[in-house]
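Here are my notes for you to read alongside the model. Keep the viewer open and look up each residue as you go.

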Amino acid sequence: MEFTLFTLLNGVSYGLLLFMLSSGLTLIFSMMGVLNFAHASFYMLGAYMAYTISSVLGFWPALVLAPIVVGLIGALVERYGLRPLHKYGHIPELLFTFGMSYLIVELVQLIWGRAAVPYPIPKELDGPLFTLFSTSFPIYRGFMMLVALSMLASIYLVLTRTRVGLVIQAALTHPDAVEALGHNVPRIFMWVFGGGCALAGLAGVIGGNAFVTEPGMAATVGSIIFVVVVVGGMGSLAGAFVASILIGVLQTFAVALDYSLMTMFNGLGANITEATPGYELLKLTISQSAAILPFLLLVLILIFRPKGLMGTRE
Amino acid sequence: MRLTFTPLNLARYLVWSGFALILIVAPLIFSKGAALSILSQIGTVMIFGLSYNMLLGQGGMLSFGHAVYSGLGAFFAIHAMNSSGIGASVPTTLIPLVGGFAGMAFGVLFGYVTTKKSGTTFAMITLGLVELVFASSLMFPSFFGGEGGITTNRVRGDALFGISYGPQIQVYYLIAFWLFISTIAMFAFTQTPLGRMINAVRDNPERVEFIGYNTQWVRYLTLILSAFFAGISGGLGAINFEIVSAENVSAIRSGAVLLFVFIGGISFFFGPLLGAIVGVFFSVMLSDFTPAWQLYLGLFFVLLVRYAPAGLASLILMLLRVKSFGLFHRIWKPLLAVCAVSLVGFAGFLAGIEMLYHLTLEAANGSIMTRFGQQIDVKAAAPWLVVAGLLAAGIVGYRRVQPGYYAVWSEVNAEIAAKQRGSAA
């Protein structure tokens, strides 16, 4: 009970962090058709920016400033890198962001070095939020969930309740009509791209000190968020939410479970030893296979439900 | 279909004989130090790149996971070399075929899932697949050798005609032989009906479906063949390095081949050959000189995507076209000027990056940087002023020279276009 509850909470908080990343990616993809390969790099950039800003001004200004800086960098990348490529189609755009992901990792190492940087959790958020039975839940995990949920709510409100959001929604489906009505669609694209990058930056600010701020952090989440976007359904924000939570919980549970097929069969009375055929496969514990679960889920989804959980297009 | 009567296609024989000749004499010209091992690496990367271009260039399928096929091929090849059973009876010369058939088998298996989609979705599925295979490879250490990988000894069995594959030169010629065969086979593929259909599927899948072809089936067959050649290159790599590790099936390896092929030029058959040379130059030779080689590779790639999306091959071909129309005399002066000012700016940029790298990553070794026998103090102001001066000179010079070059270039190309229209009419 205790184990289940806390693993579930940890899984949800990890899933919400994944959602902060995948929401920006989904937004950019559904609007521009561009899969931003450098999205996780902006997440890393957010963490490093927050590290630098928080060492001067403190954590709270960093929470606001770092995403803004990352968003502006993203807008510049869109304006001067992606926009001129738009006429060549999606593959050159995808390749451009792929090249950017290489460049950003190298630039980060050039500026901040190859080792992890000490980016601590702020003092006022350090400590247990509540203690149940004998396990305590850290405040910072709760704070992460709070930030992610309020971000989710504000995206939803901006997209559905404001004029800007309505223009963005219209530009998603009918860019030509929106342009004819006098809106500058390329500029909307630029700000959506910048906004998506800022969301990734925000995830970096709160994820960087919950985990580790190092040059490899982009690669660790990079492929997972692509899995989230495909499993949820390309371009579906709700799907991305469900898939993020699903994968977050799945991975957190899997890491904690130390059972294998062997323990199950042996518990049922079978006697599996090293001599049994397929011993290698049978002795694998669930925690050992945690790393492949998201990708296995991706392949299964693509075979049985190619449009994703909540996708509308194949 | 174009019907032509050509009893002897002389140009084609010349090109292929020239290619064979280059492969034969290359180790005689580049014989110093590690040149032979670099040539061998270029050879394997060339096969890998050509097989990758069957997907990206000819089929429009952007794959982020092509290393799965070459890597798994390499693992099967190395197990065949180590085994005492059936594998022992396969001579080293034919070990690449083991890799090829293993790659092909996995192409049949994985391709069925991946080729259901095209475009961006295909790219993401292949990325998921390569991560899946990479993560699984660390889970089964008895087959994949865990972090350390699997090692072998390529000198095995009886030497045939004195060829034991001990000396590197024999391995080079083995690679050159397979490179030649594979290049011919992959070129022949582009001429087959399937090779033509995959071009059509790339350009207009909807219309292909209306004609009555199954686009998924066309992509699937192409991927299987491409995986076969990737496996051959994996098998050759296993013989060359005598070690295969999980890194061979990683997304990093897959990304590298994508970079190399794109740099070479995806719309030309020979583009990947060029890309392999440039790529190995960056990743093997440049990495000995500077820690910043990945930055340069990334920057080079981004600039190419942005300004020359058809790669290096297209730049060369455009210049050759101007030359063949006899207009080269008009562009070479402004072209030289642009190259000269770019070189000045580039030198400043390189020096600045190197000094920055030294300042941040090698700070522990003191502030003196040694490059090309020169000692530079990166904490002093003078070198930074020189860098800023070079950069400024490069940028200002480029701004002055570039418009003139652009004008001449557009003029010349307009003339060529007019001539081509004239000769066609």
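Predicted model: local features only at pLDDT ≥ 70, side-chain atom pairs only at ≥ 80, totals over all residues.

1. A salt bridge here is a side-chain nitrogen of Lys or Arg within 4 Å of a carboxyl oxygen of Asp or Glu.

2. Residues are numbered from 1 along each chain as its sequence is written, chains are lettered from A and ligands numbered from 1 in the order in which they are written, and side-chain values use heavy atoms, with hydrogens and water left out.

3. How much area is buried between chain B and chain A? It comes to about 3,800 Å², and carbon and sulfur atoms give 80% of that. Buried area is the accessible area (1.4 Å probe) that two parts lose on being put together, summed over both. On the chain B side, Met124(B), Met139(B) and Arg306(B) lose the most area to chain A, together 16% of what that side buries. In terms of contact (heavy atoms within 4.5 Å), 42 residues of chain B meet 45 residues of chain A.

4. Which elements of chain B give two or more residues to the side that touches chain A? They are α5 (119–139), α6 (141–144), α11 (251–264), α13 and α15 (328–361). The biggest giver is α5(B), with 13 residues. Helices (H or I, at least four residues) and strands (E, at least two) are DSSP runs, numbered from the N terminus. Sorted by class, this side of chain B has 29 nonpolar, nine polar and four charged residues. Ala, Val, Leu, Ile, Met, Phe, Trp, Tyr, Cys and Pro count as nonpolar, Asp, Glu, Lys and Arg as charged, and the others, Gly among them, as polar.

5. Now look inside chain B, which is assigned domain 1 (31–315) and domain 2 (325–424); such bounds come from an automatic or database domain assignment. Each domain puts seven residues into the contact between them. The two domain centres, taken over C-alpha atoms, are 33 Å apart. Between them the domains bury about 590 Å², 69% of it on carbon and sulfur atoms. Pro291(B), Leu295(B) and Tyr296(B) supply 64% of the area that domain 1 of chain B buries against domain 2 of chain B, more than any other three residues.

6. Staying with those two domains, the salt-bridge count between them is zero, and one residue pair is in polar contact, both at pLDDT 80 or more. Helix α13 (residues 293–307) of chain B gives the most to the domain 1 side, with three residues. That side has six nonpolar, one polar and no charged residues.

7. Ser226(B) sits in helix α10 of chain B and is buried, with a relative accessible area of 0%. Buried means under 20% relative accessible area, exposed over 50%, and partly exposed in between (1.4 Å probe, protein chains only). The side chain of Ser226(B) reaches the backbone oxygen of Ser51(B) at 2.7 Å and makes a polar contact with the side chain of His66(B) at 3.3 Å.

8. In chain A, Ser22(A) lies in helix α1 (residues 2–32). Ser22(A) counts as buried because its relative accessibility is 0%. Its side chain makes a polar contact with the side chain of Ser244(A), at 3.3 Å. Setting aside neighbours within four places in sequence, Ser22(A) is in contact with Val228(A), Val229(A), Ala240(A) and Ser244(A).

9. Most residues other than glycine have a negative phi. Glu242(B) is not a glycine, but has a positive phi of about 60 degrees. You'll find Glu242(B) in the loop between α10 (215–241) and β2 (243–244) of chain B, and at 23% relative accessibility it counts as partly exposed.

Technical notes:
Polar contact = N/O pair within 3.5 Å; in protein donor to acceptor, adjacent residues only side chain to side chain.
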